[in-house]
Amino acid sequence: MTRPASFKYFKTSREIIRLAVMLYIRFPLSLRNVEDLLHERGIEVSHETVRYWWNRFGPVFAAEIRRKRVQQLRAYCKWKWHVDEVFVKVNGKRHYFWRAVDHEGEVLEAVVTKRRNKAAALKFLKKLMKRHGKAVAVVTDCFASYRAALRELGAIEKQRTGRWLNNRVENSHLPFRRRERAMQRFRRMRSLQKFASVHSSVYNHFNQERSLASRDTFKLTRSAALCEWRQLCSG
């Protein structure tokens, strides 16, 4: 957890920094879009300042959110996991973005690798199980590397495959794809991994399953999420 000293040498208030970081990560906006939105609110900062704030505080905010949520998720580790991978371009070269979500769409893990094989699948599943324990079922597509990796982990009997069973994780790729287009793709694998991890945590924090809740419930949960965001790294 970051102490208030993180903001010590910044002339801008922590509330403005949190707002700028939230706008950039949560919505498919460019740095210049965020600069314009802040300008409309009477806040004069350059897009390079927004970039610096995101690089400095984005991972810190995400780590604090993740720390709180992982403690809750491990208490319910017997849920179903959905695992999938998609290709992304990094500086013109193809890489693979692995994601795991639970049965409610909560993003559990996001990992970027250069290859799409058994070793990459094994690395991803080990990291997932180390942080979140073990699930009753792991839903995947028919990619053979998942089966090989799960066999090595002694969890082959937990694998589930089917034509539409993995729609949950495939739909969860959409918010990230929108962000990817707004950022005009990525130039370094390290930058992609950093943004994917932060974006996943912030997405989880503000994802309220809007279509499944009444308007009144949604308004309450949205206000609670925003209030909790404003308290990040406040003490």
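Select Cys-142: the residue is exposed, with a relative accessible area of 70%. Exposed means over 50%, buried means under 20%, and partly exposed is in between, using a 1.4 Å probe and protein chains only. This is a predicted model, in which local features need pLDDT of at least 70, side-chain atom pairs count only at pLDDT 80 or more, and totals for chains, interfaces and linings use all residues. Residues are numbered from 1 along each chain as its sequence is written, and side-chain values use heavy atoms, leaving out hydrogens and water.

Go on to Cys-227. This cysteine is partly exposed, at a relative accessible area of 39%.

**Next stop: Leu-38**

Select helix H2, residues 31-40, and pick out Leu-38 within it. Helices are DSSP runs of H or I with at least four residues, strands are E runs of at least two, and both are numbered from the N terminus. Is Leu-38 buried or exposed? Leu-38 counts as buried, at 0% relative accessibility.

Now show its neighbours. Leaving aside residues up to four places away in sequence, Leu-38 touches Leu-19, Ala-20, Leu-23, Ile-43, Val-45 and Val-50. Contact means heavy atoms within 4.5 Å. Leu-38 and Ser-211 lie 173 residues apart in sequence and 30 Å apart in space, C-alpha to C-alpha.

**Next stop: H1 and H7**

Select residues 14-26 for H1 and 189-206 for H7. Their axes are 9 Å apart, and the helices pack at an angle of about 100°. Axes are lines fitted to C-alpha atoms, for helices over the stretch in contact, with angles from 0 to 180 degrees between N-to-C directions. H1 and H7 are therefore roughly perpendicular. That term covers 65 to 115 degrees; under 35 is roughly parallel, over 145 roughly antiparallel, and the rest oblique.

Show side chains. From H1, Met-22, Tyr-24, Ile-25 and Arg-26 meet Phe-195, Val-198, His-199, Val-202 and Phe-206 of H7.

**Last stop: H4 and H5**

Select H4, residues 118-132, and H5, residues 144-152. Their axes come within 8 Å and cross at roughly 55°. That makes H4 oblique to H5.

Finish with the contact itself. H4 brings Lys-118, Ala-121, Leu-122, Leu-125 and Met-129. H5 brings Ser-145, Tyr-146, Ala-148, Ala-149, Leu-150 and Glu-152.
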